[in-house]
Amino acid sequence: MTMLLADSHCHLDRVDLAPWGGDFDAFMQEARAGGMGMMVCVGIDLESYPAMRALVEPYPEVKVSVGVHPNEEPELTPSLETLLERGADPRVVAIGETGLDYFRTEPGAAWQHERFHLHIEAARQLNKPLIIHTREAREDTLRVLEDRGARDAGGVMHCFVEDWATARRALDIGFYISFSGVLTYKSAAELREVAKKVPEDRLLIETDSPYLAPVPHRGKPNLPMYVRHVAEQLAELRGWTLEETAARTMENARRLFRTES
(Lines give C-alpha, C1' and ligand atoms only; values in the text may rest on other atoms or scores of the structure.)
Protein backbone atom coordinates (compact mmCIF):
# COMPACT_ATOMS: atom_id res chain seq x y z
CA MET A 1 0.00 0.00 0.00
CA THR A 2 1.27 3.47 -0.87
CA MET A 3 2.27 5.55 2.13
CA LEU A 4 -0.01 8.57 2.54
CA LEU A 5 0.72 11.64 4.63
CA ALA A 6 -1.70 14.06 6.29
CA ASP A 7 -0.84 17.74 6.59
CA SER A 8 -3.21 18.89 9.33
CA HIS A 9 -2.63 22.61 8.74
CA CYS A 10 -1.64 24.45 5.58
CA HIS A 11 -2.63 27.52 3.57
CA LEU A 12 -2.81 26.29 -0.01
CA ASP A 13 -4.24 29.56 -1.29
CA ARG A 14 -1.04 31.30 -0.19
CA VAL A 15 1.46 28.94 -1.81
CA ASP A 16 3.60 30.60 -4.49
CA LEU A 17 2.64 28.75 -7.66
CA ALA A 18 5.42 30.26 -9.79
CA PRO A 19 7.34 26.93 -9.97
CA TRP A 20 4.18 25.42 -11.50
CA GLY A 21 3.56 28.26 -13.91
CA GLY A 22 0.75 29.55 -11.75
CA ASP A 23 -1.17 26.30 -12.27
CA PHE A 24 -2.76 25.08 -9.03
CA ASP A 25 -3.72 21.76 -10.61
CA ALA A 26 -0.11 21.07 -11.58
CA PHE A 27 0.89 21.81 -7.99
CA MET A 28 -1.78 19.46 -6.69
CA GLN A 29 -0.69 16.66 -9.00
CA GLU A 30 2.85 16.97 -7.63
CA ALA A 31 1.47 16.94 -4.08
CA ARG A 32 -0.42 13.74 -4.83
CA ALA A 33 2.67 12.19 -6.39
CA GLY A 34 4.53 13.18 -3.22
CA GLY A 35 2.20 11.08 -1.08
CA MET A 36 -0.17 13.74 0.20
CA GLY A 37 -3.37 11.92 1.16
CA MET A 38 -5.00 14.68 3.17
CA MET A 39 -4.47 18.42 3.53
CA VAL A 40 -6.47 20.74 5.75
CA CYS A 41 -6.51 24.18 4.14
CA VAL A 42 -7.07 26.58 7.01
CA GLY A 43 -9.03 29.79 6.79
CA ILE A 44 -7.69 32.97 8.37
CA ASP A 45 -10.30 35.53 7.28
CA LEU A 46 -13.73 35.59 5.69
CA GLU A 47 -12.73 37.91 2.83
CA SER A 48 -10.38 35.39 1.20
CA TYR A 49 -12.41 32.33 2.21
CA PRO A 50 -14.75 32.10 -0.84
CA ALA A 51 -11.80 32.11 -3.27
CA MET A 52 -9.93 29.56 -1.16
CA ARG A 53 -12.99 27.32 -0.96
CA ALA A 54 -13.47 27.48 -4.74
CA LEU A 55 -9.78 26.79 -5.37
CA VAL A 56 -9.80 23.47 -3.53
CA GLU A 57 -13.29 22.32 -4.59
CA PRO A 58 -12.05 19.81 -7.24
CA TYR A 59 -9.71 18.05 -4.80
CA PRO A 60 -11.50 15.81 -2.31
CA GLU A 61 -8.33 15.16 -0.31
CA VAL A 62 -8.30 18.85 0.65
CA LYS A 63 -10.51 19.68 3.61
CA VAL A 64 -11.07 23.24 4.79
CA SER A 65 -11.64 25.20 7.97
CA VAL A 66 -13.40 28.51 8.41
CA GLY A 67 -12.41 31.21 10.85
CA VAL A 68 -10.75 34.55 11.48
CA HIS A 69 -7.17 34.53 12.77
CA PRO A 70 -6.56 36.33 16.08
CA ASN A 71 -4.16 38.72 14.34
CA GLU A 72 -6.75 40.01 11.88
CA GLU A 73 -8.06 43.51 12.58
CA PRO A 74 -10.80 43.90 15.25
CA GLU A 75 -13.42 45.04 12.75
CA LEU A 76 -13.10 41.73 10.89
CA THR A 77 -14.55 39.74 13.78
CA PRO A 78 -17.33 37.56 12.30
CA SER A 79 -20.80 37.07 13.68
CA LEU A 80 -21.75 33.75 15.20
CA GLU A 81 -24.38 33.39 12.47
CA THR A 82 -21.74 33.76 9.75
CA LEU A 83 -19.47 31.16 11.33
CA LEU A 84 -22.38 28.75 11.66
CA GLU A 85 -23.47 29.30 8.07
CA ARG A 86 -20.01 28.84 6.58
CA GLY A 87 -19.15 26.05 8.99
CA ALA A 88 -22.17 23.95 7.99
CA ASP A 89 -20.51 23.19 4.63
CA PRO A 90 -19.64 19.44 4.61
CA ARG A 91 -16.12 20.21 3.34
CA VAL A 92 -15.52 22.33 6.45
CA VAL A 93 -13.99 19.97 9.00
CA ALA A 94 -12.95 22.51 11.64
CA ILE A 95 -13.46 26.02 13.00
CA GLY A 96 -10.44 28.33 13.05
CA GLU A 97 -7.76 29.05 13.16
CA THR A 98 -8.63 30.93 16.28
CA GLY A 99 -7.10 31.62 19.67
CA LEU A 100 -5.06 34.34 21.32
CA ASP A 101 -1.88 36.05 20.14
CA TYR A 102 -0.18 38.55 22.44
CA PHE A 103 2.90 38.89 20.25
CA ARG A 104 1.25 41.45 17.97
CA THR A 105 -1.67 42.49 20.18
CA GLU A 106 -1.77 43.89 23.71
CA PRO A 107 -2.27 41.08 26.23
CA GLY A 108 -5.88 40.51 27.17
CA ALA A 109 -7.40 42.53 24.30
CA ALA A 110 -11.16 42.30 24.77
CA TRP A 111 -11.91 42.02 21.06
CA GLN A 112 -9.52 39.10 20.65
CA HIS A 113 -11.17 37.25 23.52
CA GLU A 114 -14.62 37.99 22.11
CA ARG A 115 -13.58 36.58 18.74
CA PHE A 116 -12.15 33.47 20.39
CA HIS A 117 -15.38 32.93 22.35
CA LEU A 118 -17.46 33.15 19.15
CA HIS A 119 -15.36 30.50 17.44
CA ILE A 120 -15.65 28.14 20.41
CA GLU A 121 -19.41 28.56 20.48
CA ALA A 122 -19.66 27.92 16.73
CA ALA A 123 -17.55 24.77 17.05
CA ARG A 124 -19.73 23.51 19.89
CA GLN A 125 -22.95 24.12 17.98
CA LEU A 126 -21.60 22.54 14.79
CA ASN A 127 -19.86 19.68 16.59
CA LYS A 128 -16.67 20.41 14.68
CA PRO A 129 -13.20 20.68 16.22
CA LEU A 130 -11.27 23.88 16.83
CA ILE A 131 -7.89 24.76 15.32
CA ILE A 132 -6.07 26.77 17.98
CA HIS A 133 -3.34 29.36 17.45
CA THR A 134 -1.60 30.64 20.56
CA ARG A 135 1.45 32.87 20.83
CA GLU A 136 2.75 34.33 24.09
CA ALA A 137 -0.72 33.66 25.51
CA ARG A 138 -0.71 30.04 26.58
CA GLU A 139 -2.20 30.54 30.06
CA ASP A 140 -5.11 32.65 28.82
CA THR A 141 -5.65 30.37 25.80
CA LEU A 142 -5.95 27.28 27.97
CA ARG A 143 -8.13 29.02 30.54
CA VAL A 144 -10.59 30.15 27.86
CA LEU A 145 -10.70 26.68 26.33
CA GLU A 146 -11.38 25.15 29.73
CA ASP A 147 -13.92 27.76 30.86
CA ARG A 148 -15.85 27.97 27.59
CA GLY A 149 -16.45 24.24 27.18
CA ALA A 150 -14.12 23.65 24.25
CA ARG A 151 -13.90 20.02 25.36
CA ASP A 152 -17.36 19.55 23.82
CA ALA A 153 -16.00 20.31 20.35
CA GLY A 154 -12.44 19.06 20.69
CA GLY A 155 -9.63 20.40 18.60
CA VAL A 156 -5.93 20.73 17.98
CA MET A 157 -3.17 22.94 19.29
CA HIS A 158 -1.69 23.90 15.94
CA CYS A 159 2.07 24.42 15.41
CA PHE A 160 2.76 23.47 18.99
CA VAL A 161 5.90 25.07 20.44
CA GLU A 162 5.04 25.18 24.15
CA ASP A 163 6.19 23.07 27.11
CA TRP A 164 4.94 19.74 28.42
CA ALA A 165 2.77 21.33 31.11
CA THR A 166 0.87 23.21 28.40
CA ALA A 167 0.54 20.09 26.28
CA ARG A 168 -0.72 18.13 29.28
CA ARG A 169 -3.52 20.64 29.98
CA ALA A 170 -4.56 20.61 26.32
CA LEU A 171 -4.57 16.82 26.31
CA ASP A 172 -6.66 16.81 29.49
CA ILE A 173 -9.50 18.60 27.66
CA GLY A 174 -9.31 16.15 24.78
CA PHE A 175 -7.20 18.17 22.36
CA TYR A 176 -4.63 16.90 19.90
CA ILE A 177 -1.09 18.28 19.57
CA SER A 178 0.26 19.13 16.10
CA PHE A 179 3.95 19.55 15.37
CA SER A 180 5.28 21.59 12.48
CA GLY A 181 8.67 22.02 10.86
CA VAL A 182 9.83 23.76 14.04
CA LEU A 183 10.33 20.24 15.42
CA THR A 184 13.30 19.85 13.06
CA TYR A 185 15.07 23.05 14.14
CA LYS A 186 18.33 22.79 16.08
CA SER A 187 16.94 25.13 18.74
CA ALA A 188 13.90 22.90 19.42
CA ALA A 189 15.46 20.35 21.79
CA GLU A 190 12.83 20.93 24.49
CA LEU A 191 10.03 20.64 21.97
CA ARG A 192 11.39 17.29 20.78
CA GLU A 193 11.17 16.05 24.37
CA VAL A 194 7.50 17.05 24.41
CA ALA A 195 6.94 15.19 21.14
CA LYS A 196 8.21 12.01 22.77
CA LYS A 197 5.54 12.22 25.49
CA VAL A 198 2.32 13.00 23.62
CA PRO A 199 0.07 9.90 23.45
CA GLU A 200 0.33 8.31 20.02
CA ASP A 201 -3.40 8.70 19.37
CA ARG A 202 -3.20 12.50 19.86
CA LEU A 203 -0.27 13.29 17.57
CA LEU A 204 -0.61 15.28 14.35
CA ILE A 205 1.89 16.72 11.90
CA GLU A 206 1.59 19.82 9.76
CA THR A 207 3.52 22.28 7.64
CA ASP A 208 1.68 25.60 8.12
CA SER A 209 2.86 26.11 4.54
CA PRO A 210 3.92 28.38 3.01
CA TYR A 211 5.45 29.31 6.39
CA LEU A 212 7.93 27.60 8.75
CA ALA A 213 9.67 25.27 6.32
CA PRO A 214 11.43 22.36 8.04
CA VAL A 215 15.09 21.48 7.77
CA PRO A 216 16.48 21.04 5.10
CA HIS A 217 14.26 23.70 3.48
CA ARG A 218 14.36 26.23 6.31
CA GLY A 219 14.26 29.81 5.08
CA LYS A 220 12.49 28.85 1.86
CA PRO A 221 8.77 28.73 1.07
CA ASN A 222 7.16 25.72 2.71
CA LEU A 223 5.05 23.13 0.87
CA PRO A 224 2.67 20.42 2.11
CA MET A 225 4.98 17.76 0.70
CA TYR A 226 7.61 18.83 3.23
CA VAL A 227 5.47 17.37 6.02
CA ARG A 228 7.47 14.23 5.30
CA HIS A 229 10.45 15.84 7.08
CA VAL A 230 8.32 16.44 10.17
CA ALA A 231 7.17 12.82 10.01
CA GLU A 232 10.77 11.63 9.72
CA GLN A 233 11.78 13.65 12.77
CA LEU A 234 8.83 12.35 14.77
CA ALA A 235 9.59 8.78 13.69
CA GLU A 236 13.15 9.12 14.92
CA LEU A 237 12.00 10.50 18.27
CA ARG A 238 9.37 7.82 18.84
CA GLY A 239 11.30 4.85 17.49
CA TRP A 240 8.79 4.27 14.71
CA THR A 241 9.25 3.71 11.01
CA LEU A 242 8.25 6.50 8.67
CA GLU A 243 5.39 4.33 7.42
CA GLU A 244 4.11 3.79 10.98
CA THR A 245 4.29 7.52 11.66
CA ALA A 246 2.42 8.36 8.48
CA ALA A 247 -0.29 5.80 9.24
CA ARG A 248 -0.76 6.88 12.86
CA THR A 249 -0.92 10.59 12.11
CA MET A 250 -3.27 9.99 9.18
CA GLU A 251 -5.57 7.93 11.39
CA ASN A 252 -5.48 10.65 14.04
CA ALA A 253 -6.28 13.37 11.51
CA ARG A 254 -9.24 11.41 10.17
CA ARG A 255 -10.53 10.83 13.68
CA LEU A 256 -10.18 14.46 14.79
CA PHE A 257 -11.65 15.93 11.62
CA ARG A 258 -14.32 13.20 11.43
CA THR A 259 -13.63 12.22 7.87
CA GLU A 260 -13.04 8.83 6.32
CA SER A 261 -10.76 10.06 3.53
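Select P210 to begin: this residue sits in the loop between strand 8 (203-205) and helix 8. Here helices (H or I, at least four residues) and strands (E, at least two) are DSSP runs, numbered from the N terminus. The model is a predicted one, in which local features need pLDDT of at least 70 and side-chain atom pairs count only at pLDDT 80 or more, while totals for chains, interfaces and linings use all residues. Residues are numbered from 1 along each chain as its sequence is written, and side-chain values use heavy atoms, with hydrogens and water left out.

The peptide bond that joins S209 and P210 is cis, with omega about 15°. Then move along to P216, which also lies in the loop between strand 8 and helix 8. The bond from V215 to P216 is cis, and its omega is near 15°.

Two packed helices are described by the angle between their axes and the distance between the axes. The axes are lines fitted to C-alpha atoms, for helices over the stretch in contact, and angles run from 0 to 180 degrees between N-to-C directions.

Select residues 189-197 (helix 7) and 227-238 (helix 8): the two pack at an angle of about 70°, with axes 9 Å apart. Helix 7 and helix 8 are therefore roughly perpendicular to each other; angles under 35 degrees count as roughly parallel, over 145 as roughly antiparallel, 65 to 115 as roughly perpendicular and the rest as oblique. The crossing of helix 7 with helix 8 is right-handed. A crossing is left-handed if the near helix is turned anticlockwise from the far one by less than a right angle, and right-handed if clockwise.

Show side chains at the contact (heavy atoms within 4.5 Å). From helix 7, R192, A195, K196 and K197 meet Q233, L234, L237 and R238 of helix 8. By class, this contact has 3 nonpolar, 1 polar and 4 charged residues. In this scheme Ala, Val, Leu, Ile, Met, Phe, Trp, Tyr, Cys and Pro count as nonpolar, Asp, Glu, Lys and Arg as charged, and the others, Gly among them, as polar.

Helix 3 passes helix 4 in a right-handed crossing. Highlight L80, L83, L84 and G87 of helix 3 together with L118, H119, E121, A122, Q125 and L126 of helix 4, which make the contact. These residues divide into 6 nonpolar, 3 polar and 1 charged.

In helix 4, H113, F116, H117 and I120 meet D140, T141, R143, V144 and L145 of helix 5. The classes here are 4 nonpolar, 3 polar and 2 charged.

Now select E136, in the loop between strand 5 and helix 5. Its phi is near 55°, a positive value in a residue other than glycine.

Turn to the largest pocket, which holds about 520 Å³ of space. On a 1 Å grid over the protein atoms alone, a pocket is an open set of points with protein on both sides within 12 Å along at least five of seven lines, a cavity is a set where a 1.4 Å probe fits but cannot get out, and lining residues have an atom within 4 Å of a point. Grid points are joined across faces, edges and corners, and a volume is the space filled by probe spheres set on the points.

Of the 20 lining residues, select H69, H133, R135, H158 and D208, the closest to the pocket centre. Strand 5 (residues 130-135) supplies the largest share of the lining, 3 residues. The lining comprises 6 nonpolar, 6 polar and 8 charged residues.

The structure holds 2 cavities of 30 Å³ or more. For the largest, of about 40 Å³, select I132, T134, M157, H158, C159, F160, V161 and E162 as its lining.
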